[in-house]
Amino acid sequence: MPGMSDALQAALRDRAEAVDSTLDLLIPDVTDPEGRVFEAMRYSVLGGGKRLRPFLVLTTAEMFRVAERSALRTAAAVEMLHCYSLIHDDLPAMDNDDMRRGRPTCHRRFDEATAILAGDALLTRAFEVLAAETTHADPSVRCQLVSELARAAGPHGMVGGQMVDLLTERHGEARDALDVAAITRMHQMKTGRIIGFSCMAGAILGKAPPQLRHALQAYAHDLGLAFQIVDDLLDVEGDPATLGKSLGKDAASGKVTFVTLLGLDRARDHARILGEQAISHLKVFDGEADLLRDVVQYVLDRKS
């Protein structure tokens, strides 16, 4: 991929393959009457994607010498939760998208009811995996994983951010009240907190000290916002064939984004500054965090 270091490209590929193999085992083919929901789950989870969040889990877990099985199961749980959010975001009642990752969205491939159930099943399966003794022998570690992911995904995290996003899209008063601080908070909830959990998961699994956890939290905060700004830029300037989804929906719906507030050039500059800040938080890890530094540049340069 253009602009990506050889080390990062190889690591993304290898870790995505390992996560896909784990997901394949954790969400099996089922021939019972409920098999249709498993089919929809597998369609959504095994349908490609960057696997950035699982990559962050695996990379931070490696930094703290976490057992591979523990890291892979946690990474797979994060991807299940992420895919649940994509299924529900694409529904007609939400963003009403027909394409995801270059294929029909789950509700287009199956139907709305099946898509809703598939999302529900992925969400609950994610917590089932984290709570299992197979993920980590220490129950306090498993409780931390469950608690932190629930907090990141719930009404004060991803779900709450999505609610704010919907309100600002559909109600003029809420939309008019958005400024850079408000949209930053919204996206930190909607996107940033799951990225934050993904960076913290390795530290939780490895029982890392508070100083190192705080450094990863700060890194994830700035990385998540940079990621969202680039998303906003791609909705204006991206290639639909490369992105695998339709573009221009933000403008068509009158949605307030970093681009509409700042303009293209200032939004790019803001993403770059956030990237520099993210990298600065990794000094404490020296060379062990080189892949995390490469991820920042990948996020800033990405085309999909």
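Let me start with a definition: a residue is buried when its relative accessible area is under 20%, exposed when over 50%, and partly exposed in between, using a 1.4 Å probe and protein chains only. By that rule, buried residues make up 51% of the 304 residues in the protein chain.

Before we go on, a word on the model. It is a predicted one, where local features need pLDDT of at least 70, side-chain atom pairs count only at pLDDT 80 or more, and totals for chains, interfaces and linings use all residues. Residues are numbered from 1 along each chain as its sequence is written, and side-chain values use heavy atoms, with hydrogens and water left out.

Now the overall fold. We have 16 helices and two strands in the protein chain; these are DSSP runs, helices being H or I with at least four residues and strands E with at least two, numbered from the N terminus. The radius of gyration is 19 Å, close to the 19 Å from the globule rule for 304 residues, so the chain is as compact as a globular protein of that length. For the record, that radius is taken over C-alpha atoms, and the rule is 2.2 Å times the number of residues to the power 0.38. Along the principal axes, the C-alpha atoms fill a box of roughly 55 × 50 × 35 Å.

Searching the whole structure gives two aromatic pairs. Rings of Phe, Tyr and Trp (its six-membered ring) pair if their centres lie within 6.5 Å; planes under 30 degrees apart are stacked, over 60 edge-to-face, and the rest tilted. Tyr43 and Phe110 are edge-to-face, at 5.6 Å centre to centre and 80° between the planes. This pair links distant parts of the chain, 67 residues apart: Tyr43 sits in helix α2 (residues 35-45), and Phe110 in the loop between α5 (106-109) and α6 (112-131). Tyr43 is buried at 14%, and Phe110 is buried at 10% relative accessibility.

The other pair is Phe64 and Phe285, whose ring centres are 6.3 Å apart with planes at 80°, so it is edge-to-face. Here the partners are 221 residues apart, with Phe64 in the loop between α3 (52-63) and α4 (68-89) and Phe285 in the loop between α15 (264-280) and α16 (290-301). Phe64 is buried at 15%, and so is Phe285 at 6%.

Arg101, though not a glycine, has a positive phi of about 55°; you can find Arg101 in the loop between β1 (99-100) and β2 (103-104), partly exposed at 23%. Asp286 also has a positive phi, near 55°, and lies in the loop between α15 and α16. Is Asp286 buried or exposed? At 55% relative accessibility, Asp286 is exposed.

Last stop: Gln188, in helix α10 (residues 180-205). Gln188 is buried at 14% relative accessibility and touches Arg193, His221 and Leu225, leaving aside residues up to four places away in sequence.

Technical notes: Contact means heavy atoms within 4.5 Å.
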